[in-house]
Amino acid sequence: MSEEAVVTHHLRLDPEDVGEQDAESLLDAIKSDLRYEEVIHGCLNCGVCSGSCPSHRFFDYSPRIVVQTVLSGDAQAVKDMMDEYIWACAQCYTCAMRCPFHNSPGGLVMIMREVAVWRGMEAVHRLLKPYGRVLLKVLSIGNQLTPDMIQPDFFPDWGPKIPWSSTDLAIKRKAIPVYTLQVTTSAWRVSPETSYELYTIYEETGVFRLIEQIDPNLYEVVSDMVEDLRDMIESSR
Amino acid sequence: MATSPISDKVRTSGWEFITKTVDKRAIMKAAPKDPREELAELEAKGEVKVIHITEENRPIEVETLLGRTKRIPTNKLWHHKSCGQCGNIPGYPTSIMWFMNKLGLEYLDETHQTSCTAWNYHGSGTSNLVALAAVAVRNWHRAYETGYFPLIHCGTSFGNYKEMRNLLIEHKDLRDEVRRIMNKVGRELVIPEEIVHYSEWLHVLRHQIAALKIHDVSSIITTVHPACHVWKLVPEDVIYDPNIYGGQRPAPTTAILLALGAQVADYSTWYDCCGFGFRHILTEREFSRSFSLERKIKVMVEEANSDVAITQDTGCTTTLDKNQWIGKAHGYNYELPVMADVQFAALAAGADPYKVVQIQWHTSAWEKLLDKMGVDWRTSKAEYEAYLEELKSGREPEQLYVPPVENLNLH
């Protein structure tokens, strides 16, 4: 792809493009993202980013290689990287803090992840599978973590105190002396009006359409919840 | 010395490559423009509304990384809660509110807030820039219409909101799109004058808070884990103080511990992340465990002989706290208590460890630390257990705070 081809930036990807996985098209989507010019200013291959990268210590992963590969313009190599490689990044932004060029390899990875998801790449289905509970919560009430998610079955490695956290949860939450926190299925009491507004945001930004494309089962559950809440709000007006 | 034409060509071509294509360091010689100045220009043009910090917010000025002044509001604050804190570390927000009550400060905690959704975004990519910006503006506008200034509890929300503020200021097309969506939900495009993290609030009030101390913590060796999304994501306006590590590290959290009289010990991996990783804590757990143990907990204990790891964010507290027990399988027999700066300060100031600091939700062993601080947690535990029984029998719960009107609709 020539540099001239990148003439406009985009605010967001279109969920209707799920399945469009031509390598040049993916690289074009990355480079035309509104944030691309802000996260990449050039690279001298110095490796400072990788030298302080936590994921570099534990995975076959290097932010330097991500930046160099994208800058090389090798679309197929970029596509290969989006399938698994970039998902090792811990999104800590130590690389951004230390880069002498003020690049943000972590920010570049985030653009690449977004493109991978919005184009429905193969790895995404596998990678998002253990993420279903978070997605359900964030889509339906706007919280990402709720008290009832901390269960011994999910976190056996967190030790013998976790069963305490999930036993008599409603009473223990009631014993937190802040009214908004005395709930179990959301992090705090979220008003129906707030969820109603959030659904409009998800609808207008294509997020609901994306979920429908990449996880139809989850979408079905969420859309039922959305419909119920909308009926409740609209009938009360 | 003569040089060959080939090497000249290579050198020339390399130099051109660097100067024209790669090396944009020149633009970094001057500090990036202050987004607050650009925001003021947009406000003057009628392009956006700004949530201003007023005298009612009783701001205190501090200096940031670039030497700019940042005003931290201390009063009349709208709690932008953290889902990870409220869901998993409930003593985090309750300790903040407990101090606000102690200091007689006005605040609003209510139900018309969503999470920032940035944890999910960083972990899964299942959102986009417009959605993140719209969620941020919706929450900001809610604070705006109540007349309270947003105080951000979570480090990721803080970093994300600073990114969204900057991008909204820089890009008209993003503003236009977010404005269109806000119109659909009956709201307006508003941007706060400053994005403020609770640790900054704690920092500027540290001497007033330290004056509330009833337990001597001078024998406690603390180690600080600065949160990545607090100080690395948008570093320009992070608070630095020449009296804290010579101005070479962020000042919040370390400064409150020093004000309380605790020892703050250095350790070599202070700059490392905690291992949370956003998706890793759920889907690459072996990374989160290994990194938090090997690069943080082990170093804090072995290098610094730490009594407690002090955090300033949600995911870090969870990761460092929850991943110690499993380490025993590989001989990592550490028992380092983990808690947020505000929880440690609340304990020092005599807050009930169970009812207010909610320390019972933390999994790493904290009992020895509380004994060393002189906190009578055993009595507190007995009272808490009796209180749970009373709640089961139908007693109404005690409240630090109840929203004035639960479903206050203003727009």
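Two strands pair, as I use the word here, if DSSP finds at least two bridges between them; helices (H or I, at least four residues) and strands (E, at least two) are DSSP runs, numbered from the N terminus.

**Conventions.** I am working on a predicted model, in which local features need pLDDT of at least 70 and side-chain atom pairs count only at pLDDT 80 or more, while totals for chains, interfaces and linings use all residues. Residues are numbered from 1 along each chain as its sequence is written, chains are lettered from A and ligands numbered from 1 in the order in which they are written, and side-chain values use heavy atoms, with hydrogens and water left out.

**Strands.** I looked up strand β4 (residues 77–80) of chain B and found that it pairs with β6(B) in the parallel sense over four bridges, with Pro150(B) in β6(B) as the bridge partner of Trp78(B). Strand β6 (residues 149–152) of chain B is covered on both faces, since Phe149(B) and Leu151(B) on one side and Pro150(B) and Ile152(B) on the other are all buried; buried means under 20% relative accessible area, exposed over 50% and partly exposed in between, with a 1.4 Å probe and protein chains only. I then followed an open sheet of four strands in chain B, ordered β9-β8-β10-β11 with parallel pairing, whose edge strands β9 (263–264) and β11 (338–340) each pair on one side only. Strand β10 (residues 308–311) of chain B is joined to β11(B) by three bridges, and Ile310(B) stands opposite Met339(B).

**Cores.** A nonpolar core is a set of buried Ala, Val, Leu, Ile, Met, Phe, Trp, Tyr and Cys residues joined through side-chain atoms within 4.5 Å. The largest has 202 residues, and Trp140(B), Trp201(B) and Phe344(B) have the most contacts inside it; helix α7 (residues 129–146) of chain B gives the most to this core, with eleven residues. A second, separate core of six residues includes Ala90(A), Cys228(B), Cys273(B) and Phe291(B).

**Thr180(A).** I placed Thr180(A) in the loop between α12 (169–174) and α13 (192–204) of chain A, where it is buried at a relative accessible area of 0%. Beyond its neighbours within four places in sequence, Thr180(A) is in contact (heavy atoms within 4.5 Å) with residues of both chains, including Trp188(A), Arg189(A), Lys81(B) and Asp109(B).

**Aromatic rings.** Rings of Phe, Tyr and Trp (its six-membered ring) pair if their centres lie within 6.5 Å, and planes under 30 degrees apart count as stacked, over 60 as edge-to-face and the rest as tilted; by this test I found 21 aromatic pairs over all chains. The rings of Phe58(A) and Phe287(B) have their centres 5.7 Å apart and their planes at 90°, so the pair is edge-to-face. Phe58(A) lies in helix α4 (residues 54–58) of chain A and Phe287(B) in helix α15 (residues 285–304) of chain B, so the pair joins two chains. Phe58(A) is partly exposed at 35% relative accessible area, whereas Phe287(B) is buried at 2%. The rings of Phe287(B) and Phe291(B), with centres 5.6 Å apart and planes at 25°, are stacked.
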